[in-house]
Amino acid sequence: MRSRIWRHKWAVALICLTLFRLVIAAFLPLTPDESYYRLWALLPAAGYFDHPPMVALFIRAGMMLLGDNACGVRFMGPVSAAAGTVLLARSAEGWVYFRGGSPQQACRAALCAACLLNGTVALGVGTILMTPDTPLLFFITVLIWSVTRLFATGQGRWWLVAGLSAGLSFDSKYTAVLPVAGLVIWLFVTQSGRQWLRSVWPWAGGLFAAVLISPVVWWNMTHHWVSFIRQGGRTGDWQPAKMLTYSGELAGGQVGLASPLIFLFFAYGAWLLIRQKDALSRLWVFMLAVPLCVFVQHALGARVQANWPVVLYPLFCLASTLPVWRWWKAAAATGGALTLCILLQAFFSPFRLSPHADVTLRQMGGWREWGQHVAKNVPADAPLIADDYSVAAELAFYLPRSRVVIGVDPRWSVFGLPQAQCGEGYLVRSHRRHDQPDPAYFSVLSSLPDIIRSRRGVIADTYSVYKVKLNCEGGALARDSFVLPVSE
């Protein structure tokens, strides 16, 4: 009875947390990448220049429910995080029971895993913003839950759910292949895995996964493998002389994204996980070890983006239920406090930091007002032009729907957009570009006053506005300039 009461209390807390995240999501300006992914949702496809299509599907679902606004773009983030939290808690319970634990231990593990996951800065902030990591974390959690149910019940049909979630994880972000590769290796190199291979179920699950990823593969095949090459091409950035720098960034990034105390749980929990002897724990080790080895090896000569290892956070949270430390609630609360500080900075700027030091200012500060200034100061009878995808995406979201926005960038060629017509327009460029408009694309006719993007008096960026003529004669512009959708 006491356990049921606690479950109800934590369920209410999760609902309140989700509603809080939705309110925050509705009022924070869209980051450039979110505005970019919103364009994907307006242009349905089986793949895109940078990532698979799942983030676009999540945005599309939210926009269908709440409209073409910030809350609609981000709606599926808090909702999927809440659903993933429940599944992770159930996974922790099932893992404890599989190891012969008591109901009290199972309840403690469920709450610990759920609180630590939501206490990470990566989820606390990341679940409000819509990125490919949002659906990735959800479907990886579904994969973990399905595997836990497989071991708890011994019923092979759970391999079908595992295959479905593995395929949908790949359709979210390509890093999903790493923990799934760990699962596949476990199947072939362990006795428990080989026993399953004697049945049809893992093979059927693999077939389900192959069917789900086939549209992404087909899209890449028909678009010169552009998305695979873009992501796989990062391996070519090899600078062993910066090994210590990149390795330090990898470690420091995880301390920051997990929060320091939760990172300690992650590290010690992973160490204890290695010492577990049951088959399910062995599987978790494989699913963690393969990605970690890849990230560490990559960091020996190239930069590992801080968000890449976030795919492992649900597994790390499971492992974090192994330590007997009683301060897991304090660790989760500390991470939550750090997240709250970031959100307060994003809204109220209590610390007047430069955009170099304040990522919330650099990514979110002043976009709405900036769009209004652009619309007011640039003549309405000419198109707005951007040769940077992020500026183009923000223009397409924050400008009035009557304005025409042209994106000039080779990436737009894979989106099936209408090509821009020759003529004059106004080019908006960030001062961070530190160069002049490309003469192969533009002939500069005149300049307008600069437009500043700021938040509460702190400048985030300054933008030059040029009146330009689109140069269609050379062919490059005709190939790389497209009219972007501003709404449905």
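Trainee: Why is Ser481 called buried?

Mentor: Ser481 has 2% relative accessibility, and buried means under 20% relative accessible area, with exposed over 50% and partly exposed in between (1.4 Å probe, protein chains only), so Ser481 counts as buried. Keep in mind that this is a predicted model, where local features need pLDDT of at least 70, side-chain atom pairs count only at pLDDT 80 or more, and totals for chains, interfaces and linings use all residues. Residues are numbered from 1 along each chain as its sequence is written, and side-chain values use heavy atoms, with hydrogens and water left out.

Trainee: Which residues is Ser481 in contact with?

Mentor: Leaving aside neighbours within four places in sequence, they are Ile406, Gly407, Val408, Gln419 and Ala420. Contact means heavy atoms within 4.5 Å.

Trainee: And what makes Gly205 buried?

Mentor: Its relative accessible area is 2%, so Gly205 falls in the buried class. Not counting residues up to four places away in sequence, Gly205 touches Trp159, Leu160 and Gly163.

Trainee: Where does Gly205 lie?

Mentor: In helix H12, residues 201-221. Helices are DSSP runs (H or I, at least four residues), numbered from the N terminus, while strands (E) need at least two. Ser481 sits in one of the strands, E6, residues 481-484.

Trainee: How far apart are the C-alpha atoms of Gly205 and Gly167?

Mentor: They are separated by 9.4 Å, with the two residues 38 apart along the chain.
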